[in-house]
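The sequence and structure come before the text.

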Amino acid sequence: MMDWNRGDALSRNGEHSSPVPLASEFMRRCTDSNSDQTEQGSSERTFDGKPVPSENTWITLFSLVLWEGGSSLDAWLTASSSQVAQVLLTLPTSFAQLGLASGIAFQILYGFVGCWTCYLMTALYADYRSIKENQNVSFKKHIIQVLGGLLGPWWKAMGLIFSTTYLLCASTIQLIACGSTVYYINDSFSKRTWTIIFGAVFMFTILIPTAQNYRLWSFTGIIMTTYTAWYLTIAATLNGQVLDVKHTGVKNVELYFTGASNILYAFGGHAITLEITHAMWKPRKYKVMYTYAILYIFSLTIPSASTMYWAFGDSLLTITNAFAFLPKTKFRDAAVCVMLIHQITEFSLLSLPVHFVWEKALGVHHSKHFTIRTVSRIPVVLVIWLIAVMVPLLGPISSVVGSLSVTSTVYIIPCLAHTTYYWNSAARKVSMRLKMFIPSVILNLFNCIFYQKSQSLGKLVEH
């Protein structure tokens, strides 16, 4: 049985691998001859057992560095880029609905509760994978069904219904947001027309096979999200407070919980925890990487939303898109463009699990020809496209999805599943022992300054 506490690396094929740096490992594999090929007198260099012609070495290296990814850094990039996108533009309105203190408090609360449920799902995944490996199940093309594998068909059905509904709605929101956002740099078309145009652009996201192939896109998404967040912060600061600005705070219960629901939706990105965990070479580390991602997201969302609320106050209640309050400049146009690109990336990430479910329903998930799987994904995008055209209101749909889908899918079901599974003493005895994520994060941060002292404390974080 795999010992997750020893740090054994787990490849996407369900095999153990050592954590050798990516580029050096690639060059080692490309320059060393395979033992079997040596016996046959072959002089071709290999990568993962496949011959690599010398003239294609750098092409393969480019593919490996920018395309194939499963490291902890890749997990952090993917988790961070999938956490917030267009919600950066609606969080200032949530602050106007909640008030500054409640807005910050809800962000911190939902962020760390999300970290906890991410830990719970990672623990369930560890046990599920251990059980399947003992049954000699190959994970090369295995579709993860944690709830069904551990708790039975009823839990499987509930998980699929809630998670698929949430991810479909979240993907739809990304498409609606593109139509709403691009309108601020080109109003020659209506927002609905722009939504139709971007629906065609989003169709190209079906070409990305798995969660391991988002290294370049996630890295780009982080840069774009960071730029947009700090543009909102700096632009609002330089613009200053508008004339007769008011900060009323809570006006009524309806607005209060509408704002809270939008923040709840903003921190529901761990709905794709299992897909990212499964794509990692060391799955046990995802809970810590997700916590780092949340801390980084705090550095983007809290300053930008707080500054916008300080500058524009209650006027944010009239329009839910922050770009509408800032003067049209080349910096704002750049923020709009990078946000559009990032929303395409987030759409692809959120719709990926839905594609997997649909492929399995059609029976093509084990196909050796990715073209067949690609074509099978088209109806999923078409359904999202149709819903986005029918419901072109960004603010209300974000709050509805946050209050209904996110609460059940991302918070309640993982907690119930974890409690139900580990209620059985037999399950607790054979359970993989994962480190608690909060002590791990604290010690990792502490380790950066006091390395020697943190080594002795590291033994105390296991439960």
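Are Y286 and Y290 buried or exposed? Both Y286 and Y290 are buried, where buried means under 20% relative accessible area, exposed over 50% and partly exposed in between, with a 1.4 Å probe and protein chains only. The model is predicted: local features need pLDDT of at least 70, side-chain atom pairs count only at pLDDT 80 or more, and totals for chains, interfaces and linings use all residues. Residues are numbered from 1 along each chain as its sequence is written, and side-chain values use heavy atoms, without hydrogens and water.

**Aromatic pairs**

A pair of aromatic rings is described by the distance of the centres and the angle of the planes. Rings of Phe, Tyr and Trp (its six-membered ring) pair if their centres lie within 6.5 Å; planes under 30 degrees apart count as stacked, over 60 as edge-to-face and the rest as tilted. The whole structure contains 16 aromatic pairs, including the two below.

| Pair | Centre to centre | Angle between planes | Class |
|---|---|---|---|
| F189 and W194 | 5.3 Å | 85 degrees | edge-to-face |
| Y286 and Y290 | 6.1 Å | 45 degrees | tilted |

Y286 and Y290 are about one helical turn apart, because they are four residues apart in helix α13. Helices are DSSP runs (H or I, at least four residues), numbered from the N terminus. In the other tabulated pair, F189 is partly exposed, with a relative accessible area of 39%, whereas W194 is buried at 11%. One aromatic cluster is formed by F106, Y110, Y256, F257 and Y411.

**Nonpolar cores**

A nonpolar core is a set of buried Ala, Val, Leu, Ile, Met, Phe, Trp, Tyr and Cys residues joined through side-chain atoms within 4.5 Å. The largest has 89 residues, and F267 and M308 have the most contacts inside it. Helix α13 (residues 286-312) supplies the largest share of this core, 16 residues. Apart from this core lies another, of 13 residues, among them A123, L124, W155 and Y422.

Contact means heavy atoms within 4.5 Å. Beyond its neighbours within four places in sequence, F267 is in contact with residues including Y110, Y290, I294, F298 and Y411.

**Helices α9 and α15**

The axes of α9 (residues 191-202) and α15 (residues 370-390) come within 9 Å and cross at roughly 170 degrees. Axes are lines fitted to C-alpha atoms, for helices over the stretch in contact, with angles from 0 to 180 degrees between N-to-C directions. The two helices are therefore roughly antiparallel, a class for angles over 145 degrees. R192, T195, I196, G199, A200 and F202 of α9 meet V381, W385, A388, V389 and M390 of α15.

Conventions
Angles under 35 degrees count as roughly parallel, over 145 as roughly antiparallel, 65 to 115 as roughly perpendicular and the rest as oblique.
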